[in-house]
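Open the model in your viewer and keep the selection tool handy. This tour tells you what to select next and what you will find there.

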Amino acid sequence: MTPSIFTREDFSAVLKKLIDSPDNQHEALTNFIGNEFVKSEQLIDSVNPATGKVWIKVPNATAGEVDKAVEEAKQAFKTWSKTTVQQRSALLNKVANIVEEFNDEIAILESRDQGKPIGVAKVMDIPRCVQNFREFANAALYTLSTSTILDHPTGTCINYVKHDPVGVAGLISPWNLPLYLLSFKLAPALVAGNTVVCKPSEMTSVTAWVLMHVFKLAGFPTGVINMVIGEGRSAGQRLVDHPDVHLISFTGSTAIGKKIQEDSAKLNKKVSLEMGGKNPGIVFANYRSSDLAAIVK
């Protein structure tokens, strides 16, 4: 059976259907495994912060679903890691071009899912996502490894460093800048020749789901990019614990980051952590003293 071709018109229809479904009219979102959108065994609610109401249901991926995604990424690594950086760069630039073309539509969904103004998403979040894919795609073409000519003690020889992809990368991104921070992890991992299983925040996963359609439209090979949506204590923890995931990149709380570092150390995984918030809370003079404990927390 010949697989169906995903077109620009198909992608446009995906966006329109989401935009036109603000009150839970859309069918539940899916995981993205092996270049296919796969229904999850479990679902959870995703709330529109502006209304406080459920606007769509998303997966709560099981350990088994995470395992399937990792296996797809593991198999895809065998060929993806052997592609040239020029090939990988070209595909990432395709992703950037598609996201840029549909900037305004994606911004509407980012606003609805995360709560920020549409205008902010249009000029910051989505353009920064585009910039991430472009910058990593292009910088990788000109990144040089260090080399040294040694004349002593055995005569002239060259010492050089060769950078190789690690394997399957587990990418766990937060709720506050959903698409931008996910792209900040995806772009360098992919252009370096790694395959990925990403897990966006279950609270803000709609634009990540949209991005999986972009990868499909751009023509990425099967299994190179996989996504599971779910809670950190289940889907995220399985990703961290999986022996075939060789690298973890996490953005989130300090407490969870420390646990990820401890768990990953047992398997000697490479770990990248961006932890803790830096943004102040503003307390007005008319605050209620009964709320003080919650404000400090």
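## Getting started

Select Thr79 to begin: this residue sits in helix α2, residues 63-80. Helices are DSSP runs of H or I with at least four residues, strands are runs of E with at least two, and both are numbered from the N terminus. Before moving on, note that this is a predicted model, in which local features need pLDDT of at least 70, side-chain atom pairs count only at pLDDT 80 or more, and totals for chains, interfaces and linings use all residues. Residues are numbered from 1 along each chain as its sequence is written, and side-chain values use heavy atoms, with hydrogens and water left out.

Is Thr79 buried or exposed? Thr79 is exposed, because its relative accessible area is 57%. Here buried means under 20% relative accessible area, exposed means over 50%, and partly exposed is in between, using a 1.4 Å probe and protein chains only.

Next, select Thr62, in the loop between β4 (53-59) and α2. Thr62 counts as buried because its relative accessibility is 15%. Leaving aside neighbours within four places in sequence, Thr62 is in contact (heavy atoms within 4.5 Å) with Glu41 and Gln42.

Go on to Asn35, in the loop between β1 (31-33) and β2 (36-38). The phi angle of Asn35 is near 70 degrees, a positive value in a residue other than glycine. Asn35 is buried, at 16% relative accessibility.

Asn268 also has a positive phi, near 55 degrees. Look for Asn268 in the loop between α9 and β11. With a relative accessibility of 69%, Asn268 counts as exposed.

## An annotated residue and a strand partner

Select Glu274, in strand β11. An unreviewed UniProt entry annotates Glu274 as "active site". UniProt positions are given in the numbering used here, feature names are shortened, and annotations may be inferred rather than shown by experiment. Glu274 is partly exposed, with a relative accessible area of 43%. Apart from neighbours within four places in sequence, its contacts are Phe250, Thr251 and Gly252.

Phe250 is buried, at 6% relative accessibility. Which residues does Phe250 contact, leaving aside neighbours within four places in sequence? They are Ile172, Lys185, Ile256, Gly257, Ile260, Ser272, Leu273 and Glu274. Show the C-alpha atoms of Phe250 and Ile172: these residues are 78 residues apart along the chain, yet the two atoms are separated by 4.8 Å.

## The nonpolar cores

In soluble globular proteins, nonpolar side chains tend to be buried together. A nonpolar core is a set of buried Ala, Val, Leu, Ile, Met, Phe, Trp, Tyr and Cys residues joined through side-chain atoms within 4.5 Å. The largest one here has 55 residues, and those with the most contacts inside it are Phe133, Leu186, Leu190, Leu211, Phe215 and Phe220. Helix α7 (residues 206-218) gives the largest share of this core, nine residues.

Zoom in on Phe133, which touches Leu92, Val95, Ala96, Ser183, Leu186, Ala187, Leu211 and Phe215, not counting residues up to four places away in sequence. Then look for a second, separate core of 17 residues, which includes Val66, Val70, Ala235 and Leu239.

## The largest pocket

For the last stop, turn to a pocket: on a 1 Å grid over the protein atoms alone, an open set of points where a 1.4 Å probe fits, with protein on both sides within 12 Å along at least five of seven lines. The largest pocket holds about 980 Å³ of space. Its lining has 34 residues, and Pro174, Trp175, Thr251, Gly252 and Ser253 are the closest to its centre; a lining residue has an atom within 4 Å of a point. Elements giving two or more residues to this lining are α6 (178-191), α8 (232-241), β10 (245-252), α9 (254-265) and β11 (270-275). Of these, α8 supplies the largest share, five residues.

Terms used
Grid points are joined across faces, edges and corners, and a volume is the space filled by probe spheres set on the points.
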